[in-house]
Amino acid sequence: MAEVPAKEIKEQEIPDSLPVLPIRDIVVFPYMIIPLFVGRQISINAIDNALSGNRMIMLLTQKDMSVEVPGVNDLYRTGTVGLIMRMLKLPDGRVKILVQGLAKAKVKEFTQNEPFYRASIQKITEGKPREISIEIEALIRNVKEQLDKAISLGKSIIPDVMVVIENLDDPGRLADLVASNLGLKTEQAQEVLEIEDSISRLKKISEVLAREIELLIVQQKIQTEARGEIDKSQREYFLREQLKAIQKELGEIDERAEEIREFQEKMGKARMPEKVAKDAEKQLRRLQKMHPDSAEAATIRTYLEWMVELPWSKSTKDKLDIKAAEKVLNEDHYDLEKIKERILEYLSVRKLKAKMKGPILCFIGPPGVGKTSLGKSIARALGREFVRISLGGVRDEAEIRGHRRTYVGALPGRIIQGLKQAGTNNPVFMLDEIDKIGADFRGDPSSALLEVLDPEQNNTFVDHYLGVPFDLSNIIFITTGNMGDTIPGPLRDRMEIIYLSGYTEEEKLGIAKNYLVPKQLEAHGITEKTLKLNDDAVKHIIIQYTREAGVRNLEREIAHLCRKIAREIAEGGDKKTFTVTAKNVGKYLGVPKFLPEEEMEKDYVGVATGLAWTESGGDIIYIEATTMKGRGSLTLTGQLGEVMKESAQAALSYVRSRARGLGISEDLFGKTDLHIHVPAGAIPKDGPSAGITMATAIASALTGRSVSKEIAMTGEVTLRGRVLPIGGLKEKTLAAKRMGIKKVIIPKRNAKDLEDLPKYIKKDMEFIPVDTMDEVLKHALKKKKTEKKRKAA
């Protein structure tokens, strides 16, 4: 450490020019000794320059302490000339200095900016009063007394400083010394420093001390109150016990007794079952004996509030008008006849038998087909409240059964919470996304739902938080999901599953005309006279702008169309009516997003038309087979799944076993490679229903007989040539009809499903039920021209 011997202040002669040291968050006063840590290079350069000369430096405070590199305009012009008494270089590159304030000075101008600031200064000389008048002496004494009072209220000031202050009679020095030890804010301290008149400066210090004393008094009051709060609960307990004894003698009632009385009234109105009421009364008696501010009392109070607010006996009266309910269901939903019929059946039985358990229905179907909105319609038709909770991603069993009351922040499960929200014990309760429930170390929510969704058990459902049984048998539970396979078997067994397949084009057209278009017109402030959207345009949007099972994207596209029309109207065009047709719909919606498969122009060898089910409805697929010289290998392309690959192997084995009957040389299989391709190659495909289509394409390629382009087919094939049933017949038939194909080969065991097809689908269609692959080939393969000529001869 470099130590410089300090001289008396009066012996120091302050030069007219000094290096400047900018300081951040403190104002240095004369006679003040303070350590400073310096890290900025410009400041270190100023210190080095000062130490190489008279060790004096001009200390100026920054206006804004956050400025890292201050300019001359960022510094106050009034500061203090300091003497560097000691200097120490620290390992991190910073410098620690001990400075002593000598005298106040003003910067006349900055004469140097690099490598450090240097300024031309003017020392501020304060004239001492010739004699200490009574007013000055009173002011000095007042400041000293204020400082003593501040110390008595908790202000921390070093005792040695207080000794110096007691012996000071110079008002300027007293003001500076007090200001430097009060811990003032930078702006306030700079304001004091800039007051040149010593008496005015001391008056300012007196004002600052007066405010500081007020703050200290308030602070002491807050601390006293905080300490008093610690004993408050104990004092209140004894006082309440005394008050209780006094009120008992006078026959008066306190607030606590009023709370107990309110709970008793609410318990009577709730009409709880006998066993539940006993448990609630027991908890109420416990609350009565407890201290009202204890943690356990708060827990019991919350528990009792839940108990009295639950609808133990409050139920909604069902609307049993079957025709009115049917009307409501038809207003809200297009088609869905089976589901509507099931609800009307429940209402019919309910009308005949007053007490019956609510059904537990499960709607399985792709997104956007109206599962959730169907639940709302059922509630509206029955006149019941509707409650919906989403189970997607739920992993904690306590979400269903509730938390035990021993846990902090415990609450009932979502079933009980939903009932409280509904306010009745027989709402329509929808459990959405039941196929997406998870499970982890906190339990399995699907297992907890077994009790909720079992009509034989849910009349005594016990929530962990309540600890008493609640009857759920009056509730109509409706669950929804996209896939039935992911629902655990025992849970699936408790529900009546109703499948909602995707809507057909005709159904989507009906939904758009009756619901979506009017809804979007109203939402966009457009009248039916302004926008005329014909059926062909809607069909065009359905086929070429959406590909989905539901109608969500269809609604978005109609909304998009309405926005375009709304903008044209808002821009003030001359056109007052807009007619959208299939030809001009692209003007509003842009280039079509999806293009349908093209219809084959003629019969081809090795190309068979199959039918496929997709989530967005049905579609046709062209299965191509071709032969080439080789060693009898089979190549499969088109991103086929394992099941589809196995179907191709089975189809080839069948054709080989029937080679003689089909007129195929047996030696041909060992010399010929077979390649089967299913466009489009980028789309994954799987399923067994393409079996007969693959067998037909293989037979066509090997026999050279073309496949009729007027026939589409679907069915699974076995090694012995049996044709097995398939699913999705409705969607597949629609796909064929859309492509203008009027003959469809189906498995014979699917003939019964034709009764469920709407009449508009079956119109002009010919269905060919088959049992064997031989029948398929008989209908699908055309005879060679040579055979026809031979027969004619």
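Is E337 buried, exposed or partly exposed, and why? E337 counts as partly exposed because its relative accessibility is 48%, where buried means under 20% relative accessible area, exposed means over 50%, and partly exposed lies in between (1.4 Å probe, protein chains only).

1. On the model itself. This is a predicted model, in which local features need pLDDT of at least 70 and side-chain atom pairs count only at pLDDT 80 or more, while totals for chains, interfaces and linings use all residues. Residues are numbered from 1 along each chain as its sequence is written, and side-chain values use heavy atoms, with hydrogens and water left out.

2. On strand β8. Strand β8 spans residues 360–364, and because five of its five residues are buried, the strand is largely enclosed by the rest of the structure. I360, C362 and I364 point one way from β8, whereas L361 and F363 point the other way, and all are buried. Strands here are DSSP runs of E with at least two residues, and helices are runs of H or I with at least four, both numbered from the N terminus.

3. On the partners of β8. Strand β13 (residues 476–481) runs parallel to β8 and is joined to it by five bridges, and strand β14 (residues 496–499), also parallel to β8, is joined to it by four; two strands pair if DSSP finds at least two bridges between them.

4. On backbone geometry in loops. Most residues other than glycine have a negative phi, and most peptide bonds are trans. Y31, in the loop between β2 (17–23) and β3 (33–38), has a positive phi near 70°, and this residue is partly exposed because its relative accessible area is 33%. Q639, which is not a glycine either, has a positive phi of about 55°; Q639 lies in the loop between β20 (634–637) and α21 (642–657) and is partly exposed, with a relative accessible area of 42%.

5. On a cis peptide bond. E114 and P115 are joined by a cis peptide bond, with omega about -5°, and P115 is placed in the loop between β6 (95–112) and β7 (118–123).
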